[in-house]
Amino acid sequence: MLHLSAGLLAAAAFEAYLNYLGEEMLPDTWANERSFFSTPPYQGTAGKLKRIAEELGWSLPPNSRKPLSGVIELQSLRDKMVHARPKKKNYHRVHKEGEFAPVPATWLYREAPEKRVRALVADVDAFSVSLHNAVLESEFRNVVFGSHPFLGALGFGTHSVESAD
């Protein structure tokens, strides 16, 4: 089940990167983040991405095209894990006397096998690099560091230098 942890962290890292970019590029919008991104057309993580892409003048690919489709799928899986609700289900199993009945697989095993989640994490990485490159080619190039979005942004981006006067 460690792959689910990795998927959850990848989804969180992607949204954190969007929040970092948003705060740097659109501070007035991010000052009202909760209200601004709570309604269409800028609702949720997809809305944050849309608003940043608009500011960059970067055309997003269709939602059905990889790697963006993988980002969307992983965000959906993240939402299911984070906002899960208990579901009661009765089942009957025949088993040998003195042994426990086999437990049915959870929805996570069926919906998020390790190979699939690994592919989705790779999609998040690939799409994040594309977004990062779009930022590097824009007027906002000074808000990102290095060639990869998840290497250095927090290490360098959260520090500031102020004049001594």
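Predicted model: local features only at pLDDT ≥ 70, side-chain atom pairs only at ≥ 80, totals over all residues.
An α-helix has 3.6 residues a turn, so residues three or four places apart point the same way.

After α4 comes G57, and the phi of G57 is positive, near 70 degrees.

Helix α7 has 23 residues, and from its first C-alpha to its last it reaches 33 Å, close to the 33 Å expected at 1.5 Å a residue. Its buried residues are V117, L120, D123, V124, F127, S128, L131, H132, A134 and V135, and these pack against α1, α4 and α5. Beyond α7, in the loop between α7 and α8 (153-157), we find S138. Is S138 buried or exposed? S138 has a relative accessible area of 8%, and because the cut-off for buried is under 20%, S138 is buried. S138 and E55 are 83 residues apart in sequence, yet their C-alpha atoms are 9.6 Å apart in space.

Let me turn to the loops on either side of α4. In the loop between α3 and α4 we find P41, and P40 and P41 are joined by a cis peptide bond, with omega about 5 degrees. In the loop between α4 and α5 we find P67, and here the peptide bond from K66 to P67 is cis, with omega near 0 degrees.

Next, the aromatic rings. A pair of aromatic rings is described by the distance of the centres and the angle of the planes. The count comes to six aromatic pairs, and one of them is formed by F36 and Y42, which are stacked, at 5.3 Å centre to centre and with 25 degrees between the planes. In this pair, Y42 is buried, with a relative accessible area of 18%, whereas F36 is partly exposed, at 29%. Ring pairs also link W30, F36, F37 and Y42 into a cluster.

Finally, the pockets. Rolling a probe the size of a water molecule over the atoms shows where empty space is left. The largest pocket holds about 500 Å³ of space, and of the 15 residues lining the largest pocket, K87, K89, T106, W107 and R110 lie nearest its centre. By class, that lining has six nonpolar, three polar and six charged residues.

The second largest pocket holds about 260 Å³, and it is lined by 15 residues, of which T45, A46, L49, I72 and Q75 are the closest to its centre. Which helix gives the most to the lining of the second largest pocket? That is α5, with seven residues, and α1, α4 and α5 each supply at least two. By class, the lining of the second largest pocket has seven nonpolar, four polar and four charged residues.

Methods:
Residues numbered from 1 in each chain as written. Heavy atoms only, no water. Helix = DSSP H or I, 4+ residues; strand = E, 2+ residues; numbered from the N terminus. 1 Å grid on protein atoms, 1.4 Å probe; cavity = no way out; pocket = protein on both sides within 12 Å on 5 of 7 lines; lining within 4 Å. Points joined across faces, edges and corners; volume = space filled by probe spheres on them. Nonpolar A, V, L, I, M, F, W, Y, C, P; charged D, E, K, R; others polar. Phe/Tyr/Trp six-rings, centres within 6.5 Å; stacked < 30°, edge-to-face > 60°. Buried < 20%, exposed > 50% of the residue type's maximum accessible area, 1.4 Å probe, protein only. Expected span 1.5 Å × (residues − 1). Contact = heavy atoms within 4.5 Å.
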